[in-house]
Amino acid sequence: MGATAEQYLRQLDTGRRRDLPETTAGTLRLDVRDDGSTDHWYLTIADQQVRVTRSAEDAELVVRADRAVFDRMVRGELHPGAGLLRNEVTVHGNMQLLMLLRRIFSGPDGARHPRELGRAALAGRAVPADRAVPADRAVPAGRAVTTARGGRP
């Protein structure tokens with residue numbers, strides 16, 4: 001299973017987070033609905049750090065959803081933007097801050113950024129012989145490759 005949103009927010013490290021843009025700052029309030037009550041979590045983001053408190057203060061962005069929806073976001077099973085499009089999440093305020101939730105929430109256990117996977121693949125394996133391009137068909141760097149119809153090969 002994975003952590004719940006409440007467990008994750010309670011233990012969220014307040015140290016520097018290199019995955020957050022240096023220039024991004026703002027406040028988010030997460031309104032977590034469950035059984036007729038609402039828990040309020042207030043996140044302050046500045047200098048690549050996230051500070052979490054329990055408060056119902058106004059924030060630049062207010063995100064409202066059921067507890068199960070926030071739990072899925074914490075586990076990386078639901079992207080905040082997808083939740084918004086499916087009407088599982090409602091927001092009010094600065095929409096740019098919504099995408100920070102994807103970076104703040106950890107995602108699934110063992111998840112890695114796609115760039116890390118690509119770099120590891122390039123560093124750790126050579127191109128198999130059956131996939132290698134013969135030298136006489138290689139395209140010089142910086143030139144586009146198209147087919148007779150103008151599409152990609």
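S55 counts as buried, at 15% relative accessibility; here buried denotes under 20% relative accessible area, exposed over 50%, and partly exposed the range in between, with a 1.4 Å probe and protein chains only. The model is a predicted one, in which local features need pLDDT of at least 70 and side-chain atom pairs count only at pLDDT 80 or more, whereas totals for chains, interfaces and linings use all residues. Residues are numbered from 1 along each chain as its sequence is written, and side-chain values use heavy atoms, with hydrogens and water left out.

S55 is located in the loop between β3 and β4; helices (H or I, at least four residues) and strands (E, at least two) are DSSP runs, numbered from the N terminus. With neighbours within four places in sequence left aside, S55 is in contact with R29, H40, W41 and Y42, contact being heavy atoms within 4.5 Å. A polar atom of the S55 side chain also lies 3.1 Å from the backbone nitrogen of E57.

β2 and β3 (residues 49–53) run antiparallel to each other and are joined over five bridges; strands are taken to pair if DSSP finds at least two bridges between them. Two residues separate the strands of this hairpin, and D47 adopts a positive phi near 50 degrees there. Within the pairing, L43 stands opposite V52 of β3.

The largest nonpolar core has 27 residues, and L30, L43, V63, F70, I104 and F105 touch the most other members. Such a core is a set of buried Ala, Val, Leu, Ile, Met, Phe, Trp, Tyr and Cys residues joined through side-chain atoms within 4.5 Å. Two or more residues come from each of α1 (5–11), β1 (26–34), β2 (37–46), β4 (61–66), α2 (67–74) and α4 (100–104). α2 gives the most, with four residues. Apart from neighbours within four places in sequence, I104 is in contact with Y8, L12, R17, L20, L43, I45 and V50.

T90, in strand β5 (residues 89–93), is partly exposed, with a relative accessible area of 40%. Not counting residues up to four places away in sequence, T90 touches V62, V63 and R64. T90 and A65 are 25 residues apart in sequence, yet their C-alpha atoms are 6.6 Å apart in space.

Charged side chains complete the picture. Side chains of opposite charge can pair when their charged atoms come close. The whole structure contains 12 salt bridges, each defined as a side-chain nitrogen of Lys or Arg within 4 Å of a carboxyl oxygen of Asp or Glu. One of them joins D39 and R54, with N to O at 3.5 Å. This pair links distant parts of the chain, since D39 belongs to strand β2 and R54 to the loop between β3 and β4, 15 residues apart. R54 is partly exposed, with a relative accessible area of 43%. D39 and R54 also belong to a salt-bridge network with E6, R10, D34 and R67.

R72 forms a salt bridge with E88, with the closest N and O atoms 2.8 Å apart. R72 lies in helix α2 and E88 in the loop between α3 (80–85) and β5, 16 residues apart. Both are partly exposed: R72 has a relative accessible area of 25%, and E88 one of 22%. E88 forms a salt bridge with R86 as well, where the closest N and O atoms are 3.9 Å apart. R86 counts as exposed, at 54% relative accessibility.

Definitions and conventions:
Polar contact = N/O pair within 3.5 Å; in protein donor to acceptor, adjacent residues only side chain to side chain.
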